[in-house]
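Here are my notes after going through this one.

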Amino acid sequence: MNESLIIAQTEDFVKDQLGQDTTGHDWWHSDRVRNTAAEIAKIESADVFVCTMAALLHDVADEKLNPSKEEGLLKVRSWLSSNLTDEQQINHIMMIIETMSFSGGGGEPMQTLEGQVVQDADRLDALGAIGIARTFIFSGAKGRPAYDPEVSPRDESLQKEYRDYSKGTAINHFYEKLLKLKFLMNTTYGRKLAEERHDFMLNFLEHFYKEWNQGSQ
Ligand code: ADP
Ligand code: NI
């Protein structure tokens, strides 16, 4: 099977798997990450096919969408095994997805350039205008308020608390995670894109507070 046919079939598989998720792991997230990953891969001379496949599949194994992370990963591996023949390539794509699914709080560093590219692309989708939109969608889905000046940001490394969505606000998520991401970028081009999106978020926050406090000072 040629690469573009495998990609087309993987697109259908991912659309089917992610279905109607509205908490940030929808098909369009995977589609954007795949496109961004391919763009970074070309500039950083990484394997575009491996990056595209890993990016397309990176959320299919997510623990939020499966009975367990292990079952999610098995599902992805069996999809790859029935579509690819190169064991080394399958293992490479799986390694990227496995390492990514251990994010949240201080995961292991990516071992290969392709892994670094896909991780950068996923992080970029949490930044900028798209990242702002996703944060508010996610917060709404979890019943978190947009903002509460009396609730201060928490330490994200406290994994348990981080996953406790009942506390905290959408605006706090910028300080707990999003504004730290540009310092974690792996590739030069990914970092450049992250810096643009970071600055846009700072601009957004500045306007947010200005409007929130309109007339009160
Ligand atoms: P991914 O798997 O793509 O890295 P996550 O599952 O961590 O993303 O989050 C999906 C989206 O929801 C992201 O845009 C992220 O910033 C946002 N999000 C995650 N956790 C929170 C939170 N506690 N509060 C608000 N938004 C969140
Ligand atoms: Ni993702």
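1. How far is an oxygen atom of ligand 1 from an N or O atom in the side chain of His-29? The gap is 3.1 Å. Bear in mind throughout that this is a predicted model.

2. Two other side chains make contacts of this kind. A nitrogen atom of ligand 1 sits 2.5 Å from an N or O atom of the Arg-144 side chain, and for Lys-177 the distance to a ligand oxygen is 3.2 Å. The protein covers 94% of the 550 Å² of accessible area that ligand 1 has on its own.

3. On the shell itself: 15 residues surround ligand 1, with His-25, Lys-64, Asp-122, Arg-144 and His-173 the closest. By type they split into six charged, five polar and four nonpolar. Helix 7 (residues 128-141) supplies the largest share, four residues.

4. Salt bridges next; the whole structure has five. Have a look at Arg-32 and Asp-125, whose closest N and O atoms are 2.7 Å apart. This pair links distant parts of the chain, 93 residues apart: Arg-32 is in helix 2 (residues 27-43), while Asp-125 is in the loop between helix 6 (113-124) and helix 7. Asp-125 is buried at 4% relative accessible area, whereas Arg-32 is partly exposed at 25%. Asp-125 also forms a salt bridge with Arg-134, at 3.6 Å.

5. Within helix 10 (residues 188-212), Glu-196 and Lys-192 lie four residues apart, about one turn. Their side chains form a salt bridge at 3.6 Å, N to O, and Lys-192 counts as partly exposed because its relative accessibility is 44%.

Notes
Residues numbered from 1 in each chain as written. Chains lettered and ligands numbered in written order. Predicted model: local features only at pLDDT ≥ 70, side-chain atom pairs only at ≥ 80, totals over all residues. Heavy atoms only, no water. Near = heavy atom within 4 Å. Polar contact = N/O pair within 3.5 Å; in protein donor to acceptor, adjacent residues only side chain to side chain. Areas by Shrake-Rupley, 256 points an atom, 1.4 Å probe, with all protein chains shown as cover. Helix = DSSP H or I, 4+ residues; strand = E, 2+ residues; numbered from the N terminus. Nonpolar A, V, L, I, M, F, W, Y, C, P; charged D, E, K, R; others polar. Salt bridge = Lys/Arg side-chain N within 4 Å of Asp/Glu carboxyl O. Buried < 20%, exposed > 50% of the residue type's maximum accessible area, 1.4 Å probe, protein only.
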